[in-house]
Amino acid sequence: MHVGGEGDVRSAYCAASVASLTNILTPTLFAGTAEWIARCQNWEGGIGGVPGMEAHGGYTFCGMAALGILKQEHLLNLRSLLHWVTGRQMRFEGGFQGRCNKLVDGCYSFWQAGLLPLLHRALHARGDPALSMAHWMFDQLALQEYILLCCQCPAGGLLDKPGKSRDFYHTCYCLSGLAIAQHFGSGDLHNEVVLGIPENCLQATHPVYNIAPEKVARAVMHFLQYPVPSLDPA
Amino acid sequence: DEIGLIPCPEARYNRSPIVLVENKLGVESWCVKFLLPYVHNKLLLYRQRKQWLNKDELTDITCTLLLLNPDFTTAWNVRKELILSGTLNPVKDLHLGKLALTKFPKSPETWIHRRWVLQQLIQENSLPSLATKGNLGAAPVERIHRLVQEEMKVCSDAAGRYPSNYNAWSHRIWVLQHLAKLTVKVLLDELSSTKYWVSMHVSDHSGFHYRQFLLSSLIRRTVTDNNILVQNQMVNEQNPSLQKEEENAGTEAACAEEQSVDLPRCLDEEMELCSELIDNYPGHETLWCHSDENLSNSHHNPATSHMTQAMDVDGLNESSRQGYTQESKRLKRAPMQDSLGSEMEYRFVDKVLSTCRDVDQARFATAYRKWLVTFLGQ
């Protein structure tokens with residue numbers, strides 16, 4: 001993550017995210033990365049921090065998103081990943097848990113639910129005929145209920161679960177999850193599913209980078225104007 | 001051996017806020033708001049080169065800081081510098097970390113620093129001239145073994161202090177991978193020493209995941225050892241020179257010793273443990289999850305089917321392992337030897353379904369039964 005720091009799936013995602021947006025992504029930069037990420041997928045179907053670790057929502061998002069950027073999702077067992085993540089939505093609360101047998105947490109509204117658009121895209125690329133053209137493969141309304149009814153702080157901001165205090169991290173990821181739950185697809189296939197009054201609808205977010213899709217497009221366009229920097233000394 | 005904060009909003013008496021009772025260190029809470037900014041500021045000034053601190057002062061200040069807030073990376077990094085310059089004994093940081101973990105069992109920075117320290121110690125170990133530094137001149141192997149045992153204890157304590165402590169269990173796995181080299185003995189020892197713990201923490205998914213890690217490492221180990229055995233046999237047939245035979249005999253003996261791992265029995269015992277816990281503690285998803293994977297391991301375990309050279313063991317190589325689906329695994333293995341195991345599973349699940357009163361238990365059992373039917377194809 002930083003010089004002398006720990007290395008895990010998150011850093012692969014950060015690197016891939018930055019490199020792809022700024023047009024410095026070269027095959028040498030990520031040589032072996034995709035294969036390493038794939039080794040982080042375990043028997044549960046989810047992805048751990050490093051090979052051998054327990055499957056965890058945060059790491060799974062980072063792994064899947066990174067592989068999406070590197071166009072190597074096929075290295076994963078997508079079916080077991082789908083099985084694992086859909087099992088993480090809580091039948092009572094509607095929100096998601098980070099790992100099996102743990103409690104629901106608002107921030108996983110993004111880390112876990114955000115996997116479904118990524119899976120949808122990867123499976124669609126394979127030509128899976130069973131994919132919906134209107135909904136993600138999780139209960140979008142139930143997640144919105146959890147976020148809107150349980151995760152809002154009366155003084156503003158959002159949180160993990162009732163009883164916890166608000167913080168910027170949970171505010172960010174609850175809102176991101178809400179955006180994912182409200183918007184399916186894009187362009188011609190865009191389908192909005194909004195719980196409650198229309199004013200509840202948020203702007204859509206990009207499932208890989210979690211910034212507005214227009215911003216992604218602008219960044220990519222901007223940096224495409226510049227050549228990919230070479231590693232040779234000037 | 002333990003630290004903690006004593007809730008004490010006001011300084012009532014004119015005395016030190018530090019309380020030491022039976023080897024446990026307490027700090028009265030009123031002093032924290034004075035102490036923490038003071039030491040924090042001092043360290044920052046040092047870092048900004050505005051105020052010099054000598055090695056002893058640095059050691060004390062970082063120690064204080066980290067016991068109050070162990071996620072302060074800069075403080076750990078200052079200690080890294082002290083260790084690299086030879087003025088701080090790395091073993092001290094293991095002790096400091098252990099203490100910090102009694103109050104902050106998850107602290108990611110503490111675990112990360114711990115791994116850095118351990119890596120330093122391993123490197124030292126491989127240099128014979130430094131083998132006596134920081135320890136009592138024990139032989140390197142013995143030293144590593146003691147380190148490993150101590151790490152297991154630290155992980156276990158931290159895991160007990162916070163449910164499903166991802167960082168503690170991840171560290172435990174890391175230690176086995178990098179310090180203990182995943183020998184069969186260590187894997188078996190860990191299986192037996194964690195058995196009681198997981199029985200007392202039936203919802204702790206991380207604990208059960210650890211057992212899955214141990215079992216899959218054992219399976220992988222058995223397969224590689226069998227491969228070596230098979231290859232040696234082939235070499236022996238081709239090359240009957242005396243010297244080579246001795247070498248191979250040595251390796252074979254080692255493999256034979258390792259082959260004394262009764263893998264099917266390990267897996268059976270794991271199934272038994274799981275079933276027992278499911279019966280005693282209804283409604284824990286972790287246990288059912290663990291059960292699924294155990295059954296999968298039992299059926300697809302190469303040691304339970306006949307070992308032939310034609311058998312496809314490629315799938316268990318690390319790189320291609322993740323590409324495996326349940327279906328492809330089944331097709332590549334020799335035919336199932338043991339339908340007795342699956343019968344027992346059906347009987348177990350049906351028994352649970354007919355006797356349980358817990359809603360979640362019933363749901364898990366039904367799902368498990370459906371999975372059995374699909375998976376076993378019976």
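A salt bridge is a side-chain nitrogen of Lys or Arg within 4 Å of a carboxyl oxygen of Asp or Glu. Keep that in mind for the views below, which come from a predicted model; over all chains, the structure holds 21 salt bridges.

**Figure 1. Three strands of chain B form an open sheet.** Start by finding the strand order, which is 1-3-2, with mixed pairing. At the edges lie strand 1 (2-6) and strand 2 (18-21) of chain B, each pairing on one side only. On average, neighbouring strands of this sheet are turned by 25 degrees against each other, direction ignored. A handy rule for reading such views: in a regular strand the side chains alternate between the two faces of the sheet.

**Figure 2. Strand 2 and strand 3 of chain B run antiparallel.** How many bridges join strand 2 of chain B to strand 3 (residues 24-28) of chain B? There are 4 bridges between them. Look for Leu20(B), whose bridge partner in strand 3 is Leu25(B). Then find Val21(B), which stands opposite Lys24(B) of strand 3. The hairpin made by these two strands has 2 residues between the strands, and here Glu22(B) takes a positive phi near 50 degrees.

**Figure 3. Lys24(B) forms a salt bridge with Asp1(B).** In its salt bridge with Asp1(B), the closest N and O atoms are 3.0 Å apart. This pair links distant parts of the chain: Lys24(B) belongs to strand 3 of chain B, Asp1(B) to the segment before strand 1, and 23 residues separate them. Side chains of opposite charge can pair when their charged atoms come close.

**Figure 4. Chain A and chain B meet at an interface.** Here 25 residues of chain A are in contact with 28 residues of chain B. The size of an interface is often given as the accessible area lost when the parts come together. Between chain A and chain B, the buried area is about 2300 Å², and carbon and sulfur atoms give 50% of it.

**Figure 5. Arg88(A) forms a salt bridge with Glu285(B).** The closest N and O atoms of this pair are 3.7 Å apart. Across the interface of chain A and chain B, the rule finds 1 salt bridge. It also finds 13 residue pairs in polar contact there, both residues being at pLDDT 80 or more. What classes of residue does chain A bring to the side that touches chain B? That side has 6 nonpolar, 10 polar and 9 charged residues.

Key:
Residues are numbered from 1 along each chain as its sequence is written. Chains are lettered from A and ligands numbered from 1 in the order in which they are written. This is a predicted model: local features need pLDDT of at least 70, side-chain atom pairs count only at pLDDT 80 or more; totals for chains, interfaces and linings use all residues. Side-chain values use heavy atoms; hydrogens and water are left out. Two strands pair if DSSP finds at least two bridges between them. Axes are lines fitted to C-alpha atoms, for helices over the stretch in contact, and angles run from 0 to 180 degrees between N-to-C directions. Contact means heavy atoms within 4.5 Å. Buried area is the accessible area (1.4 Å probe) that two parts lose on being put together, summed over both. A polar contact is a pair of N or O atoms within 3.5 Å; within protein, one must be able to donate a hydrogen and the other to accept it, and residues adjacent in sequence count only if both atoms are side-chain atoms. Ala, Val, Leu, Ile, Met, Phe, Trp, Tyr, Cys and Pro count as nonpolar, Asp, Glu, Lys and Arg as charged, and the others, Gly among them, as polar.
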